[in-house]
Amino acid sequence: MGLGAVAAATRKAGHEVELLDLMRVKDPGPAIKEAVDRFPPRVIGIGVRNIDDQNMEAPIFLLDQVQEVISHCRSFSGAPIVLGGAGYSIFPKSALSYLGADMGIQGEGEMAFPALLERLEQGADLSKAAGLYLPGLGLQGKRMFEKDLDIFPFPDVRLWPTYLAKDQGLWVPIQTRRGCPLDCSYCSTATIEGRIIRKFSPQRVMKVVTRYFEAGFERFFFVDNTFNMPLSYAKEICSALIAKGMGISWGCIFYPGTLDENLAKYMARAGCTQASLGFESGCDRMLRNMNKKFGVEAIRRSSAMLGDQGIRRMGFLLLGGPGETRESVEESLTFVDSLQLEAVKITVGIRIYPGTPLAETAVREGVISGDEDLLFPSFYIQKGLEGWLQETVRRWMMEHPNWMR
Ligand code: B12
C-alpha cells in the first residue's frame, strides 16, 4: 500500500510510473530485467517495509534481499535508486549506507518523492530536498508532514500486480490516519509517522473503501496504529460505514486504553470482525514500565466490550522488557488466559529501536553500546530471564493451541 500510494502521487504529478511487486518473486533478477527493458526508468524507488522479523530466537534480517534487488537494478539500469518505506524510515542513515543506494526519503513519500523527481529533472540542488538522506551527508531539507492528507490521490488498484488485484479474499489495507502521540518505551512509530495525529476525512476514507468494494473486495484491515484514537473520529468512520451498508468485514488495531461501549457496538455494526489488542503485558507495573497509559482493568474491560459484540480478539504480549520478573511473566500469562481471547501472539525479547527509551535503558545497562545504529536487530531481555522465559512461554503455549509466537 505504501509504495502504491507513492506511485499514485507520482503519477498525479505528471510522471509515468510502473510498479513492480517483488514480494512473491523468488528470483528477482529476470523480473527486474523484464520491467526495466519494457519501461526504462529514469529513477527507481524501492519500498523497504521490513528490516527484520523482530524474532529474538532466530532473527531473520531482510536487507540482504533488498541489496540483491539493488544490485540487479544497477546491472540493468543506470537510474538513481531512492529508498523509502516504514522500515527504511527507522534507519535512514544506516540502511542507506548498508544498501549502497543513491538516496533515501524518510517518512511519507507522496510529496517528497515527486518533489525530489522535480529537482532531479531540473538538475537542482538537493540540499533542500525535504526528508532526503544522501550517503555520507545525512538529512538534507527538513522533513515535512502534510497536514491535509486528503490531497493525496488514492492508491491505484490499476497499478497492483494481477495476483493481488484478483485476490478478493485479501484483507485490503486501509489507512485512515497517521501519527502517534503515545510514547510506548520500545516503539518506533513516531519516527515513521510523526507524533501528531493527522487524519484523512471520513468522506475520503469512505471513498477509498467504496472504490475497493466496487472492484470486488469485501475485507479490509485498518492499518492505523490505534483505530480508536481519537474516539470521536473512530465513531465517525463507523457511522459512515454503517450508513453506507456495504456489508464488508474488517479488522483493526485497537488501543485498550480508550473505553467506550458504544464504540464497540458501532464497530460491530460497521462490520468489524477482528481487533488486535496491543496491550503487551498483563501486569500493571510492567505496563507502567513500558509507558502505557492504561492498566489491566482497562484491558479487561475493552476486551470484554469487543468480545460481547462478537468481535474476534487477538491479544499481544511483549515479554522480557526492563523490570520483568518471573512473577510479572506468570501474572501476564495468567491474565491473558483469563481474558479468553480468540488468539494470542507472544513475543519474547524486545527489538531495540534507535532513539527509544528502551534503547537508552539498554545502553545504560550495557546491553548495547551507545554508538550502535541497531540496523542489525539487537534485543532486550531482562537479565536472569533468558532461557527460563522461552521455556515458560513454550509450556503455556502447549496448553493453549490458540496462542502463537
Ligand atoms: C499495520 C502493520 C502491520 C499489519 C499489516 C496488515 C496489512 N494488511 O497490511 C500486520 C499486523 C499484519 C503486520 C505484520 C508485520 N509487521 Co507490521 N506494521 C504495521 C504498521 C503499524 C503500519 C504499516 C502500514 O501499512 N502503514 C501505512 C502505509 C501507507 O505506510 P507505509 O507503508 O509506511 O508507506 C509510506 C511511507 O513509508 C513511504 N514509502 C513507502 N514506500 C516507499 C517507497 C519510496 C521509494 C519512498 C520514497 C517512500 C515510500 O510513503 C508511504 C505513503 O506515505 C507498521 C508501523 C508503522 N507505523 O508504519 C508496522 C511495521 C511496518 N511492521 C513491522 C514488522 C516487523 C512486522 C512483522 C514482521 C511482525 C511479525 N514478526 O510478524 C509482520 C510482517 C508482515 C509482512 N508480511 O510484511 C515493523 C517493521 C520494522 C522492522 N523491524 O522490520 C513496523 C515498522 C513496526 C515497528 N516495529 O516499528 N504489520
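The ligand lies between domain 1 (2-139) and domain 2 (168-404), because both domains give residues to the shell around it. The domain bounds come from an automatic or database domain assignment. This is a predicted model, in which local features need pLDDT of at least 70, side-chain atom pairs count only at pLDDT 80 or more, and totals for chains, interfaces and linings use all residues. Residues are numbered from 1 along each chain as its sequence is written.

**The shell around the ligand**

- The ligand is surrounded by 36 residues, and the closest are G2, G45, G84, E108 and G109. A residue is near a molecule or strand if its C-beta atom, placed from the backbone, lies within 6 Å of it.
- At least two residues of the shell come from each of helix 1 (2-12), strand 1 (44-47), strand 2 (81-84), helix 4 (86-90), strand 6 (171-174) and helix 8 (189-193). Helices (H or I, at least four residues) and strands (E, at least two) are DSSP runs, numbered from the N terminus.
- Helix 1 supplies the largest share of the shell, 4 residues.
- Sorted by class, the shell holds 15 nonpolar, 14 polar and 7 charged residues. Here Ala, Val, Leu, Ile, Met, Phe, Trp, Tyr, Cys and Pro count as nonpolar, Asp, Glu, Lys and Arg as charged, and the others, Gly among them, as polar.

**How the two domains meet**

- The centres of domain 1 and domain 2, taken over C-alpha atoms, are separated by 28 Å.
- In domain 1, 16 residues are in contact with 17 residues of domain 2. Two residues are in contact if their C-beta atoms, placed from the backbone, lie within 7 Å.
- On the side of domain 1 that touches domain 2, helix 4 and helix 5 are the elements that give two or more residues.
- The residues on that side of domain 1 divide into 9 nonpolar, 4 polar and 3 charged.

**Helix 3**

- Helix 3 (residues 63-76) has 14 residues and reaches 20 Å from its first C-alpha to its last, close to the 20 Å expected at 1.5 Å a residue. The expected span is 1.5 Å times one less than the number of residues in the helix.
- L63, V66, V69, I70 and C73 are the buried residues listed for helix 3. A residue is buried if 20 or more other C-beta atoms lie within 10 Å of its own, exposed if 12 or fewer, and partly exposed in between, with C-beta atoms placed from the backbone.
- Seen down the axis, the buried residues of helix 3 fall within an arc of 110 degrees, so they line one face of the helix. The arc is that of the directions from the helix axis to the C-beta atoms.
- An α-helix has 3.6 residues a turn, so residues three or four places apart point the same way.
- The face turned away from the buried side of helix 3 carries the exposed residues D64 and S75.
- Packing against the buried residues of helix 3 are helix 2 (28-38), strand 1, strand 2 and helix 5 (92-99).

**Helix 11**

- In helix 11 (residues 261-269), the residues L263, A264, Y266 and M267 are buried.
- G271 follows helix 11 and has a positive phi, near 110 degrees.

**Backbone features in loops**

- Most residues other than glycine have a negative phi, and most peptide bonds are trans.
- Q54 is not a glycine, yet its phi is positive, about 60 degrees. Q54 sits in the loop between strand 1 and helix 3, and counts as partly exposed because 16 other C-beta atoms lie within 10 Å.
- N291 is not a glycine either, and has a positive phi of about 65 degrees. N291 is in the loop between helix 12 (284-289) and helix 13 (296-308), and its 15 C-beta neighbours inside 10 Å make it partly exposed.
- The peptide bond from M229 to P230 is cis, with omega near -5 degrees. P230 is placed in the loop between strand 9 (219-222) and helix 10 (231-244).

**Two partly exposed residues**

- S185 lies in the loop between strand 7 (177-178) and helix 8, and counts as partly exposed with 19 C-beta neighbours inside 10 Å.
- Not counting residues up to four places away in sequence, S185 touches M290, N291, T356, P357 and L358.
- N289 belongs to helix 12, and is partly exposed, with 19 C-beta neighbours inside 10 Å.
- Leaving aside neighbours within four places in sequence, N289 is in contact with G321, P322 and G323.
- N289 and G323 are 34 residues apart along the chain, and their C-alpha atoms are separated by 7.3 Å.
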